[in-house]
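Walk through this structure with an eye on how its parts meet.

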Amino acid sequence: MASIELEHVSFCYHRHDSAFQALRDISVTIGDGEFVCVLGKSGCGKTTLLRLLAGLQLPSQGQIRIDGRPVTGPGLDRAVVFQSSTLFPWMTARENVCFGLRQAHKRLSRREARLAADRYLEEVDMLDAAALYPRQMSGGMCQRVAIARALAVDAEILLLDEPFSALDARIRQELQGLLHALWARGGRKKTVVLITHDLRDAASLASRILYMSPGQIAADLPAPEDREGLERELMALFYREAEQRYAC
Amino acid sequence: MRAETRRLLLPHLLLAALVYAIVCLPKSRPNVESATALLVGLALFEGAFLAAARRARGRETGAYDIIALVWALLLAWELAAPVCNIAHPVLVPPPENVFHTFRLQWRVMLLNIGYSMGLLAAGFTTGLVLAVLLGLPCAWLPRLRRVTYPIANVMAPIPPVVISPYLVALMPSFRSASMLVIVLGVFWPTFLTTINRVGAIEPQILDAARTLEPSTPVMLFRILLPYVLPGIVSGLKVSMTTSLLMLNFAELMGATHGMGYYVQNSIAYANYAHAVAGILVIGAVVTVLSAAVTWLQGHLIRWQ
């Protein structure tokens with residue numbers, strides 16, 4: 001089981017004597033094995049939500065629970081892929097994956113970790129680049145390795161913060177396909193939360209979409225068979241929100 | 001004329017003039033030693049230069065200009081001291097005598113270099129290792145950082161050279177005092193660099209590490225240490241030169257061995273040929289150490 005419950009979660013950024021309410025009273029449950037896209041415009045609180053789910057920050061109010069246990073910090077039950085490359089620059093692609101592996105499976109010997117790392121790199125088609133350092137790789141290659149490192153942790157929950165946003169259209173599509181294939185394969189699906197501001201990403205990948213307007217979840221949409229219809233619906237939501245803001 | 005030949009022309013014209021001045025021109029000063037050691041020195045310089053030029057394979061490097069400048073300075077020295085005798089007869093010894101000193105005193109010099117390097121290696125390594133080992137936890141653990149950072153900011157700017165006479169009086173032996181001067185000279189800047197670099201770590205790297213739940217030792221030595229290493233290594237050259245300066249300064253104060261002592265002792269007995277030879281050796285040692293640090297930089301931080 002890997003279900004996520006958010007109960008009246010609020011988060012406030014404090015800077016000097018000013019405060020900014022990034023999330024307001026969010027309550028939602030994400031079921032085991034769901035592929036949820038959190039969609040919304042820049043600054044609506046998507047990344048803050050993901051940081052709370054990852055345990056990198058704690059809610060100002062409310063509680064987040066994973067399988068009933070409150071989140072009190074980062075944990076190996078959740079793997080995270082960030083927007084920009086977060087590979088450790090002093091480790092090769094293989095060493096980065098090995099590091100993730102050995103954190104999650106402390107009893108693995110070096111040799112076992114290396115073999116397992118190569119398997120994960122092969123899954124993301126990066127085995128040929130195993131000996132390269134991040135500065136020798138393109139942005140797309142780095143994100144592939146970051147996905148391999150996240151997969152190597154073998155967490156029940158995969159949290160992805162706009163991992164394709166800095167990539168060109170072709171690589172983006174390729175990585176989306178890869179991600180969906182990795183999620184859909186095998187018997188037991190991971191719970192995936194993908195943060196994005198791209199309608200197409202959300203419409204093509206998700207089994208459920210949480211649409212955020214600043215600080216809140218404005219719509220909770222299950223993905224229908226008709227993906228194009230969903231895209232139109234999301235577009236309408238975008239326009240409606242823009243009109244409301246313009247009218248104000 | 002090929003570019004390579006053109007570049008080689010000036011240094012070799014100067015070298016030819018220098019050799020002519022050494023071998024053929026009559027000397028106006030008495031007591032000029034045999035020129036053999038000087039000529040061997042020139043041959044070694046020339047060999048090193050040609051090897052550097054060969055490695056550069058036609059690329060623009062400073063090697064041609066540097067060697068031209070060296071030959072020009074030696075030529076000026078040769079003309080001013082033994083040939084025309086217009087330089088101070090005692091304070092500016094002939095280059096023949098300086099190079100002859102290497103031949104006569106090489107054992108003594110090696111002994112003193114060994115002594116200085118032993119002290120430098122021990123002090124430098126101790127200062128560096130202590131600074132990194134203490135700096136990492138002090139930077140990472142907020143409570144320790146709040147205590148140590150202000151103290152480090154007060155201590156770091158105090159030049160150890162200023163307090164070295166006090167340290168000589170305080171410590172049981174001169175050697176331990178010299179070592180402490182070097183340790184302090186390396187420790188504080190490295191300690192501060194470590195704390196500042198950890199404080200400036202990219203937040204996304206830190207977040208990525210935290211999501212993998214590393215233990216404190218893993219965080220310190222597998223994440224933070226490699227992250228701060230480029231900053232520490234790039235400061236090594238400065239720290240090394242500073243340490244050497246402090247070492248030589250310390251040796252001037254009352255040592256019985258070491259290159260600083262050798263120079264000081266030679267000046268005390270008005271043996272300026274030995275003093276200049278000692279200064280040249282110190283320069284050569286600094287150059288070798290600097291090259292070693294550059295090599296270390298390339299090997300320790302390959303990922304850059």
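A salt bridge here is a side-chain nitrogen of Lys or Arg within 4 Å of a carboxyl oxygen of Asp or Glu. Keep that rule in mind, and keep in mind that this is a predicted model. By that rule B:Asp207 and A:Arg51 qualify: their side chains meet in a salt bridge, at 2.6 Å from N to O. B:Asp207 sits in helix 8 (residues 203-211) of chain B and A:Arg51 in helix 1 (residues 46-54) of chain A, so this pair joins two chains. Both ends are covered: B:Asp207 is buried, and A:Arg51 is buried as well.

Now widen the view to the whole contact between the chains. Chain B contributes 19 residues and chain A contributes 23 residues. Together the two chains bury about 2000 Å², with 66% of that area on carbon and sulfur atoms. On the side of chain B, the residues that lose the most area to chain A are B:Thr211, B:Leu212 and B:Trp303, which together make up 35% of what that side buries.

What polar links cross this interface? The count between chain B and chain A is one salt bridge. Six residue pairs are in polar contact across it, counting pairs with both residues at pLDDT 80 or more. Helix 8 and helix 9 (216-252) of chain B each supply at least two residues to the side that touches chain A. Helix 8 of chain B gives the largest share of that side, seven residues. By class, the side of chain B that touches chain A has ten nonpolar, four polar and five charged residues.

Next, look inside chain A. Eleven residues of domain 1 of chain A are in contact with 13 residues of domain 2 of chain A. The two domains bury about 1100 Å² between them, and 69% of it is on carbon and sulfur atoms. Three leucines stand out on the domain 1 side. A:Leu76, A:Leu175 and A:Leu178 supply 38% of the area that domain 1 of chain A buries against domain 2 of chain A, more than any other three residues.

Which charged pair crosses between the domains? The rule finds one salt bridge across the interface of domain 1 of chain A and domain 2 of chain A. A:Lys190 forms a salt bridge with A:Asp154, with the closest N and O atoms 3.2 Å apart. Helix 5 (residues 169-184) of chain A provides five residues, the largest share of the side of domain 1 that touches domain 2. That side divides into eight nonpolar, no polar and three charged residues.

Side chains of opposite charge can pair when their charged atoms come close. A search of the whole structure finds ten salt bridges over all chains. One of them is formed by A:Arg65 and A:Glu7, whose closest N and O atoms are 2.9 Å apart. A:Arg65 lies in strand 4 (residues 61-66) of chain A and A:Glu7 in strand 1 (residues 4-15) of chain A, so the pair ties together parts 58 residues apart in sequence. A:Arg65 is buried, with a relative accessible area of 16%, whereas A:Glu7 is partly exposed at 38%. A:Glu5, A:Glu7 and A:Arg65 are linked in a network of salt bridges.

The side chains of B:Glu78 and B:Lys27 meet in a salt bridge, 3.5 Å from N to O. B:Glu78 is in helix 3 (residues 63-83) of chain B, and B:Lys27 is in the loop between helix 1 (3-23) and helix 2 (36-56) of chain B, 51 residues apart. B:Glu78 counts as buried, at 0% relative accessibility. B:Lys27 counts as partly exposed, at 30%.

A:Asp118 is found in helix 3 (residues 110-123) of chain A. Is A:Asp118 buried or exposed? A:Asp118 counts as buried, because its relative accessibility is 17% and the cut-off for buried is under 20%. Its side chain joins that of A:Arg94 in a polar contact of 2.7 Å. Leaving aside neighbours within four places in sequence, A:Asp118 is in contact with A:Arg94 and A:Leu127.

Technical notes: Residues numbered from 1 in each chain as written. Chains lettered and ligands numbered in written order. Predicted model: local features only at pLDDT ≥ 70, side-chain atom pairs only at ≥ 80, totals over all residues. Heavy atoms only, no water. Contact = heavy atoms within 4.5 Å. Buried area = accessible area lost by both parts, 1.4 Å probe. Helix = DSSP H or I, 4+ residues; strand = E, 2+ residues; numbered from the N terminus. Nonpolar A, V, L, I, M, F, W, Y, C, P; charged D, E, K, R; others polar. Buried < 20%, exposed > 50% of the residue type's maximum accessible area, 1.4 Å probe, protein only. Polar contact = N/O pair within 3.5 Å; in protein donor to acceptor, adjacent residues only side chain to side chain.
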